[in-house]
There are 2 protein chains.
Amino acid sequence: MVTIGDVAQAAGVSRSTASYALSGKRTISPEVREKVRQAVEELGYTPNAGARALATSQTRVLGLLGRFLPDEFAPAMLQYILGVTNRARDLGYDTLLVSEEDGYAALTRISDSRMADGFVLLNVAEDDDRLPFLRTARQPGVLIGLPHDTTGVDVFDLDFEATGRVMVDTLSELGHTELILVSQPEHVVQRGGAYVWRLADSARERAAELGITIHTYFGSSTQPAIGDDLHRFLDAHPSATGLLLNNEAAAAALPTVLHQREMSAPRDISVIGRYSDDFARTFSLPYTAIDSAADELGRRAVEQLVARIEHRDAPSTHRVELIPPAIQDRGSIAAPPVHP
Amino acid sequence: MVTIGDVAQAAGVSRSTASYALSGKRTISPEVREKVRQAVEELGYTPNAGARALATSQTRVLGLLGRFLPDEFAPAMLQYILGVTNRARDLGYDTLLVSEEDGYAALTRISDSRMADGFVLLNVAEDDDRLPFLRTARQPGVLIGLPHDTTGVDVFDLDFEATGRVMVDTLSELGHTELILVSQPEHVVQRGGAYVWRLADSARERAAELGITIHTYFGSSTQPAIGDDLHRFLDAHPSATGLLLNNEAAAAALPTVLHQREMSAPRDISVIGRYSDDFARTFSLPYTAIDSAADELGRRAVEQLVARIEHRDAPSTHRVELIPPAIQDRGSIAAPPVHP
DNA sequence: CTGAAAGCGCTTACAG
DNA sequence: CTGAAAGCGCTTACAG
């Protein structure tokens, strides 16, 4: 393989000069710089990443730690991942994607073996077992997802509390007084998906403040179970006029369910969801919804992480950034129907 | 940081002995082995990956190169990715995920800088610009996706030709004589998505052999355009009784479209698709379909790649493995309706 | 069965 | 403005 020694020899300079000419870390005469540049070109030199990492203690690699639980809907994670990898590349970093089930083992392995300069954690649980280690790790870490204890880490997430409030406010302002909220399955919450109850709690709270009724349910995450669930919820509350969905499968199943009930949105019921615009576009999720902002979260997380990596000493305090919910109108909400 | 020197010192042996005790590459007395083990435990030693890579020319990292084009449906890719990363981890490898648009640049960068021991290429195009480099690269590579020229690489893919044939055969055997095939958008094909026309061509060929009619179309990949497309196709061929879908968005839109036409499957029309079971489960894709076999392809690709990495000298010839289509019955096909 | 030493390919003080 | 040398933390022939 061609090394910096070969480049130096071809350029007729020392290895250190060749190295400096490439890094620009000290002033090099234009002639030498040009000779080195030519040698690099001719020989097709690319620095050996392992050797560089060893010498500099920098890998220019980011560790991206996801957890993809069997019955969760994993594909939604790809948008976070792409947000991370693309922005990382723009900033000069590659991304090591780790999906193994034992996230703690993965984090310690990558961190202790110095395979990455920093970490992005996906799918952060309320009481995430990776956090204690991350706080003492030599590399900085940012989270996508809000845990209970945010000390020592940077956090980016959709503002799920505001999302719950906005959903209720929006329908309340239109005159609705009885709503149903369908969340993701209970086991998602139990495994630490705090965002689910964060949205639900704030929706309930806001409803209480406004003096309106809200029925909250967990729904299945697969067909056809979620369809049955929806029928059951609608049967149980025939006077409800608004439906809030924090569950992709529910949004996908609802058109058929409404059809079977000879209902349509927003004529008979107003529907507002929380899912990614991309899924809405590919699949038939025709409802007004709050976007997950996945790639924006990925982007922002990486920017913050790289800033920390490259300015370790900066005394900046850790930040928690919650992206405010943005409603994408698809015409599925209106004033409640007037019953004679 | 704790190095193997620290371990050696704590165990009262030389660095080489410590190293051999850990690697097991030469016989070590039980006592020494135990002392080293203890020192590792006490000090919390993890080998530095960069140093090891430099010494051994092995990274224990696999490069996973995807292309995620803006208007393609990216989430489907996650299942391939997870198949790769999970199997890689089982075999002791981590995965560097590279999503940058310029796949050639990505491949040369990772390869030349020795950041990976081998490559898995996703989304391989008919005439993929990464292949010439891959053939001469120092690291072996396997493809998920069948290109025109398969020399020098291992290839894994769903057998799209057999898929097209099976779709036609299945409906033909039930008595259908006029079919419509809705493929992915034309630009997917133009960008190299050879699988699209591979399926379409073999379906057409098979239909010709059987003496039945098939109308083939490209469909949009987003809502609501694909819904309009479907209506148009159905309007154009009112006597068609079978619908073949090689387009996720079409499968998602079809329930509503059929409903609007007061049709149902399989009563009025038989429907058979080609998409992932996972999507079917989460979204409402209620049709009998051939699974994409994404994670199996990812798994198999990694197994082959690791075999090549670890037995470089093995004179095994390169293989092209096409997974035969497996139909998942969801009750959407039957004999064509009998018209009075 | 074990140790001292060389070497992997870089970067970066140190010296001029 | 440039070079010779040390060092990053491993592994592995070489020697005993």
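**Domain contacts and the DNA-facing surface**

In the predicted model, the side chains of A:Arg198 and A:Glu126 form a salt bridge with an N to O distance of 3.1 Å; a salt bridge is taken as a side-chain nitrogen of Lys or Arg within 4 Å of a carboxyl oxygen of Asp or Glu. Local features in this predicted model need pLDDT of at least 70 and side-chain atom pairs count only at pLDDT 80 or more, whereas totals for chains, interfaces and linings use all residues. Residues are numbered from 1 along each chain as its sequence is written, chains are lettered from A and ligands numbered from 1 in the order in which they are written, and side-chain values use heavy atoms, with hydrogens and water left out.

Chain A is assigned domain 1 (4–47), domain 2 (61–158 + 294–323) and domain 3 (160–291), with bounds from an automatic or database domain assignment. The centres of domain 2 and domain 3 of chain A, taken over C-alpha atoms, are 29 Å apart. Their contact (heavy atoms within 4.5 Å) takes 14 residues from domain 2 of chain A and 17 residues from domain 3 of chain A. Between them, these two domains bury about 1,300 Å², with 50% of it on carbon and sulfur atoms; buried area is the accessible area (1.4 Å probe) that two parts lose on being put together, summed over both. Across this interface of chain A, 1 salt bridge is found between domain 2 and domain 3. The side of domain 2 of chain A that touches domain 3 has 9 nonpolar, 1 polar and 4 charged residues. In this classification, Ala, Val, Leu, Ile, Met, Phe, Trp, Tyr, Cys and Pro count as nonpolar, Asp, Glu, Lys and Arg as charged, and the others, Gly among them, as polar.

Around DNA strand C there are 30 residues, of which A:Ile4, A:Arg15, A:Ser19, B:Thr17 and B:Arg26 come nearest; a residue is near a strand if one of its heavy atoms lies within 4 Å of it. Sugar and phosphate account for 51% of the atoms of DNA strand C that come within 4 Å of the protein.

An N or O atom in the side chain of A:Arg15 is 2.4 Å from a base nitrogen of DNA strand C. For B:Thr17, a side-chain N or O atom is 2.6 Å from a phosphate oxygen of DNA strand C.

Key
Polar contact = N/O pair within 3.5 Å; in protein donor to acceptor, adjacent residues only side chain to side chain.
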